[in-house]
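Welcome, and please open your viewer.

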Amino acid sequence: YAGYVEQGGYTLLRECVGGERNADDVIAALEHSGLRGLGGAGFPSGRKWRIVRAEQGPRLLAVNIDEGEPGTFKDRVYLERDPHRFIEGALIAAWAVGIDAIYIYLRDEYHGCRAILERELQALAADPPMPAMPAIHLRRGAGAYICGEESAMIESIEGRRGMPRLRPPYVAQVGLFGRPTLVHNFETLHWVREIVQQG
């Protein structure tokens, strides 16, 4: 945490919370970048933020780091080396969309990543980079490939068998615990800071 802050980490988040940037401009930057969900579906990220923000709160954010695809470990590589870049992206999303709580769904086999995240989230809670920081909950992935699908992941977080829900309603309307939910893959949030700062 200290190293990330020394290298300019959470500066963008502080600018957002401090009024130097507004949510519409940040969302527009994501839209103009063409950033799409990196979990497989490829839905435009900026549009997703606008859709969830338009729903009645309270709203939640669910982040998938289950990586059940055989041989896939791209999220783990980023998470082990630069966990706060993703956390800052998640907090910027929370600020822009009006998120009350963040749920991180982490693959159960990633014991080392869990230890890193637990340690860094404790450091973050001890020195929060924003007032009224949303609660961040770490949940164990069920080890089921199907939980890569967003509604199946939500079912698993809620303590049920990870099976996809029928649509409509969509998770942006009725998602985690019945609340409008912004769902992202880890890597999508990893790129938020880079895109907003550099265009």
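Before we start, residues are numbered from 1 along each chain as its sequence is written. You are looking at a predicted model, in which local features need pLDDT of at least 70, side-chain atom pairs count only at pLDDT 80 or more, and totals for chains, interfaces and linings use all residues, while side-chain values use heavy atoms, with hydrogens and water left out.

**Stop 1: strand 1**

Select residues 59–65, which form strand 1. Helices (H or I, at least four residues) and strands (E, at least two) are DSSP runs, numbered from the N terminus. How many residues of strand 1 are buried? The count is 7 of its 7 residues, where buried means under 20% relative accessible area with a 1.4 Å probe, protein chains only. In a regular strand the side chains alternate between the two faces of the sheet. Here, Arg59, Leu61, Val63 and Ile65 are buried on one side, and Leu60, Ala62 and Asn64 on the other.

Strand 2 runs parallel to strand 1, joined by 7 bridges; two strands pair if DSSP finds at least two bridges between them. Ala62 has Tyr103 of strand 2 as its bridge partner. Strand 4 also pairs with strand 1 in the parallel sense, over 5 bridges, and there Asn64 stands opposite Asn185.

**Stop 2: the largest cavity**

Select Phe86, Ile87, Ala90, Leu91, Ile102, Ile104, Leu121 and Ile136, which line the largest cavity. On a 1 Å grid over the protein atoms alone, a cavity is a set of points where a 1.4 Å probe fits but cannot get out, a pocket is an open set with protein on both sides within 12 Å along at least five of seven lines, and lining residues have an atom within 4 Å of a point. The cavity holds about 30 Å³ of space. Helix 6 gives the largest share of its lining, 4 residues.

**Stop 3: the largest pocket**

Select Gly39, Gly40, Ala41, Gly148 and Glu150, which lie nearest the centre of the largest pocket among its 29 lining residues. About 790 Å³ of space lies in this pocket. Strand 4 supplies the largest share of the lining, 4 residues.

**Stop 4: Asp82**

Finally, select Asp82, in the loop between helix 5 (74–81) and helix 6 (83–97). Which residues does Asp82 touch, not counting those up to four places away in sequence? They are Tyr4 and His190, with contact meaning heavy atoms within 4.5 Å.

Methods. Grid points are joined across faces, edges and corners, and a volume is the space filled by probe spheres set on the points. Buried means under 20% relative accessible area, exposed over 50%, partly exposed in between (1.4 Å probe, protein chains only).
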